[in-house]
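Please look through the structure below before reading on.

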Amino acid sequence: MNRAFSRKKDKTWMHTPEALSKHYIPYNAKFLGSTEVEQPKGTEVVRDAVRKLKFARHIKKSEGQKTPKVELQISIYGVKILDPKTKEVQHNCQLHRISFCADDKTDKRIFTFICKDSESNKHLCYVFDSEKCAEEITLTIGQAFDLAYRKFLESGGKDVETRKQIAGLQKRIQELETENSELKNKVQDLENQLRITQVHTSPAGSVTPKSPSTDIFDMVPFSPISPQSSTPTRNGTQPPPVPSRSAEIKRDLFGAEPFDPFSCGAGDFPPDIQSKLDEMQEGFKMGLTLEGTVFCLDPLDSRC
């Protein structure tokens with residue numbers, strides 16, 4: 001199946017693509033809670049989760065606790081669960097981590113989805129009471145997933161390659177900065193040693209004029225286009241050999257092979273970035289299953 005998701009009955013999307021890609025669709029609901037499940041998909045899986053959470057909610061209700069109200073913000077970037085007053089984000093479920101979404105066809109209120117937790121990698125089932133708009137919320141999540149999947153297919157490949165190239169360039173820049181710092185320290189040590197040697201070898205009070213054709217090391221400045229001179233310098237040492245033309249092509253200024261971001265392998269990228277890209281590809285490949293089913297075993301008091 002080439003589609004990003006599957007559902008038992010074909011439904012017409014309710015929102016414009018711009019509403020979900022540039023903004024978000026808000027819904028108010030009551031949050032029954034979340035619980036760990038064994039599988040990422042399945043009607044029986046969510047039915048057991050709903051039974052468990054509704055039983056726990058009835059116990060809390062008998063103790064005088066009310067079901068907390070939340071605001072859902074659905075977009076192509078995920079499903080956010082917020083406090084309706086403070087707007088504090090309680091949960092942020094990315095779409096590629098959501099694998100199953102279902103609504104109850106008996107009372108039109110209860111809906112649930114299964115999402116893989118980003119920290120524990122466990123599958124959690126979230127259950128809500130949505131005041132008779134469960135099917136609409138389920139379809140909105142499905143539409144957001146569909147748009148996100150299409151966006152991933154259209155530009156995801158280019159984005160992945162761009163991120164990989166940026167990560168490789170950043171890594172190479174760090175390496176060059178480290179090498180540059182080490183080279184500066186070595187040059188400083190050589191200059192210090194040279195000054196000490198000149199102090200010990202030069203007669204007291206005498207000043208040896210430097211030829212304008214020599215550098216601070218009393219050596220003939222190197223020129224890549226000038227032929228190598230066999231004449232020793234004033235201190236009796238030979239100038240550094242001029243690298244051959246073939247060596248200049250294969251090596252850079254620091255003696256390392258020139259960096260080409262387009263020839264980098266996957267192993268050159270930071271593990272965290274690579275794992276996130278692989279995770280997104282795996283999540284979208286699994287797809288999202290939308291399903292209308294019956295799993296409300298007993299009515300939940302809407303006043304709780």
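With which residue does Arg 150 form a salt bridge? The partner of Arg 150 is Asp 146, and their closest N and O atoms are 3.1 Å apart. A salt bridge is defined here as a side-chain nitrogen of Lys or Arg within 4 Å of a carboxyl oxygen of Asp or Glu. This is a predicted model, in which local features need pLDDT of at least 70 and side-chain atom pairs count only at pLDDT 80 or more, while totals for chains, interfaces and linings use all residues. Residues are numbered from 1 along each chain as its sequence is written, and side-chain values use heavy atoms, with hydrogens and water left out.

Arg 150 and Asp 146 both belong to helix H3, where they are four residues apart, about one turn of the helix. Helices (H or I, at least four residues) and strands (E, at least two) are DSSP runs, numbered from the N terminus. Elsewhere, salt bridges with shared partners join Asp 103, Lys 105 and Glu 135 into one network.

The whole structure contains 10 salt bridges. Another of them joins the side chains of Arg 51 and Asp 48, at 2.8 Å from N to O. Both residues lie in helix H2 (residues 43-62), three residues apart, which is again described as about one turn of the helix. Arg 51 is partly exposed at 40%, and Asp 48 is partly exposed at 41%. A further salt bridge, between Arg 109 and Asp 129, has its closest N and O atoms 3.7 Å apart. This pair links distant parts of the chain, 20 residues apart: Arg 109 is in the loop between strand E6 (98-104) and E7, and Asp 129 is in strand E8. Both Arg 109 and Asp 129 are buried.

The next topic is the nonpolar core, a set of buried Ala, Val, Leu, Ile, Met, Phe, Trp, Tyr and Cys residues joined through side-chain atoms within 4.5 Å. The largest nonpolar core has 36 residues, of which Leu 72, Phe 113, Tyr 126, Phe 128 and Ile 141 touch the most other members. Helix H3 (residues 134-201) gives the most to this core, with 10 residues. A second, separate core has 13 residues, including Val 45 and Ala 102.

Aromatic rings form the last part of this account. Rings of Phe, Tyr and Trp (its six-membered ring) pair if their centres lie within 6.5 Å; planes under 30 degrees apart count as stacked, over 60 as edge-to-face and the rest as tilted. The count by this rule is five aromatic pairs. The rings of Phe 31 and Phe 128 are stacked, because their centres are 5.0 Å apart and their planes stand at 20 degrees. Phe 31 lies in strand E2 (residues 25-37) and Phe 128 in strand E8 (residues 123-129), so this pair ties together parts that are 97 residues apart in sequence. Phe 128 is buried at 0%. Phe 111 and Phe 128 are also a stacked pair, with ring centres 4.9 Å apart and planes at 15 degrees. Ring pairs link Phe 31, Phe 111, Phe 113, Tyr 126 and Phe 128 into a cluster.

Conventions:
Buried < 20%, exposed > 50% of the residue type's maximum accessible area, 1.4 Å probe, protein only.
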